[in-house]
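Subject: Structure for you to look at

Hello,

Here is the structure I said I would pass on. Please open it first, then read the notes below it.

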Amino acid sequence: MRSEQPTPVLPSAPARAAEAEEEAPRSDEAQGASLADRIGMIVGGQVVNTLIILVQGVVVVRLLGKAEYGVLAFVTMLFMTGRDLALLYLPESLLYFTPKVTRPELKGLVRQSLLLLLGLGALAALAFCAFALVPSVFLDGRDGITTPLLLIALMSLFAFPASLFGPLFIATNNHRKSAGVALLVTATNAAGAIVPAALGCSIVWIVAAQCAAQALRLGLSYRLYARLFQDVAAAPFPGGVRAQLAYALPLSGTRFAGLFNQKLDKFVIGLFFSAGLYAEFAVGSQELPLVSVLAYSVASTMLPDLVARVEEGRTRGEGAAAAIELWHSGIRKTTLIMLPIAAFVLLFAEPLMRTIYGDAYAGAAVPFRIYSALLPLRVTAYGIMLMALGQPSAILRIQVVAMGVNTAANLVLLPTIGMVGAPLAAVLTQLFAMGLTVTRIAHLSGVGLRGVFPWRHYGRVAATAVVAAAPLVLLLASGAVDRRPALCLTLGAPLYAGLYLATAWLTGVLAPEDRAFVARWIRLEPLRDRHG
């Protein structure tokens with residue numbers, strides 16, 4: 001089960017003066033000089049956390065029986081979905097309000113938020129307890145789900161208030177503390193999952209260990225917060241609960257619609273299919289971390305510059321066109337990486353699943369292929385352009401419409417074609433939402449559908465990826481996957497990488513600046529450059 005926030009070294013008394021100076025308001029020049037370092041702390045922590053979580057997931061899948069892992073994956077999904085929905089964007093609201101209030105008022109806001117989150121955690125706990133009263137509803141009546149449901153109810157009481165401190169530490173310029181707590185809790189979570197599984201304990205012990213990790217997260221975070229604010233007297237937050245909810249609730253609506261579309265397929269599979277089938281689905285439906293680490297990170301990092309281009313244009317149309325041009329530059333870079341990866345994982349889905357998770361999860365290749373069919377389009381976060389154009393409400397409207405499409409698709413496809421209907425419905429819904437988003441961007445920017453996306457470059461890269469993949473079809477057709485999936489994957493990956501790079505070089509898809517960009521990252525220059 002995933003945790004979010006990390007572990008610090010407590011500051012000594014002589015270090016407090018330096019921390020106080022660090023947290024004091026700074027000039028724009030000082031803030032700009034340290035921005036790369038602060039971002040590096042968070043991104044570096046995310047990369048390490050992601051690697052730990054990936055290793056934890058693979059090891060636990062291999063150690064547990066299929067049905068046991070299915071139950072663990074389902075209750076984990078329930079907890080994470082309930083948590084993300086019920087937090088109501090309250091933790092993130094600190095990122096918005098902190099620069100606007102004094103430190104005493106910030107301490108008052110923290111206390112107010114902790115009380116709200118504790119209440120929301122209690123409500124979520126009651127909901128999970130209610131689920132525990134009717135365990136036969138889930139996983140085709142699988143036994144052994146009641147106790148894990150009760151444990152995630154208890155976990156909510158710790159996890160909800162603990163979620164406040166990561167944004168608080170970031171907002172108060174204590175990025176190292178945020179990254180540190182997250183790393184410690186992630187490592188504790190991993191140990192709490194792997195050790196009981198290795199000892200042959202039931203999943204109850206694993207969920208209990210995750211619950212203890214959340215309690216540790218809350219205790220460590222609160223101790224750090226108390227030390228940072230020990231000399232600050234709390235003052236009422238201006239506007240009180242109403243002002244905080246006025247900011248958070250509209251954003252919560254967008255999050256609810258997005259989570260509904262992301263999680264409906266998983267909830268449906270948990271309702272109507274066995275724990276063993278849910279285990280295959282859970283493994284096959286995992287999103288490649290590269291999507292969030294690369295495509296979404298590039299797009300979100302560009303948002304301030306996109307907004308600036310929109311605002312600096314002599315006319316709105318001119319500013320929008322300039323922003324679109326900059327957006328295209330990010331898409332071109334991510335396309336060079338995402339399209340070949342998409343071609344490879346679509347071809348090698350089965351050996352990939354069998355090599356990582358074992359032959360028992362060969363069936364996971366079906367949902368994995370279905371979800372991977374979206375990878376060629378996951379080259380950017382499309383909603384970023386709507387945000388840059390000042391239309392965040394359009395994202396909510398699109399997600400709400402997509403909720404209806406998702407529900408209708410599941411109602412039609414599940415009775416017709418069975419379990420694969422859920423991932424198909426999810427993919428079709430995302431395609432529909434992407435189409436609406438691109439159409440809306442084209443209308444708002446005035447560039448039309450031909451200008452809203454770098455179609456020509458995208459087509460050239462796609463053709464290059466397909467041509468490079470063609471020889472690998474012969475390897476798959478030889479039957480080598482059935483006999484030696486790991487060997488097939490080991491040979492196929494470097495072979496495809498070489499073919500793609502050679503083809504991209506010959507066709508001119510990989511431009512000189514792209515080769516220089518790759519070389520800089522191979523040498524880790526962006527990570528070593530303090531002014532990034």
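Start with helix 17, where the buried residues are Ala-394, Ile-395, Ile-398, Ala-402, Met-403, Asn-406, Ala-409, Asn-410, Leu-413 and Leu-414. Buried means under 20% relative accessible area, while exposed means over 50% and partly exposed lies in between, using a 1.4 Å probe and protein chains only. Helices are DSSP runs of H or I with at least four residues, numbered from the N terminus. An α-helix has 3.6 residues a turn, so residues three or four places apart point the same way.

The model is predicted: local features need pLDDT of at least 70, side-chain atom pairs count only at pLDDT 80 or more, and totals for chains, interfaces and linings use all residues. Residues are numbered from 1 along each chain as its sequence is written, and side-chain values use heavy atoms, leaving out hydrogens and water.

Back to helix 17 (residues 392-417). Its 26 residues should span 38 Å at 1.5 Å a residue, and the end C-alpha atoms are 36 Å apart, which agrees. The expected span is 1.5 Å times one less than the number of residues. The cover over its buried residues includes helix 10 (240-272), helix 16 (383-388) and helix 18 (421-445); for this, contact means heavy atoms within 4.5 Å. After the helix comes Gly-418, with a positive phi near 85°.

Next, the core. A nonpolar core is a set of buried Ala, Val, Leu, Ile, Met, Phe, Trp, Tyr and Cys residues joined through side-chain atoms within 4.5 Å. The largest one has 139 residues, and Tyr-69, Tyr-278, Leu-306, Trp-327 and Tyr-496 touch the most other members. Helix 13 (residues 316-347) gives the largest share of this core, 13 residues. Beyond its neighbours within four places in sequence, Tyr-496 has contacts that include Pro-340, Ala-343 and Phe-344.

Which helix holds His-457? His-457 sits in helix 20 (residues 455-477), and it counts as buried because its relative accessibility is 16%. Not counting residues up to four places away in sequence, His-457 touches Arg-332, Leu-336 and Val-509.

Leu-352 belongs to helix 14 (residues 349-357) and is buried, with a relative accessible area of 16%. Leu-352 and Ala-486 are 134 residues apart in sequence, but their C-alpha atoms are 7.7 Å apart in space. Setting aside neighbours within four places, Leu-352 is in contact with Val-345, Phe-368 and Leu-489.

Regards

Note on methods: Helices (H or I, at least four residues) and strands (E, at least two) are DSSP runs, numbered from the N terminus.
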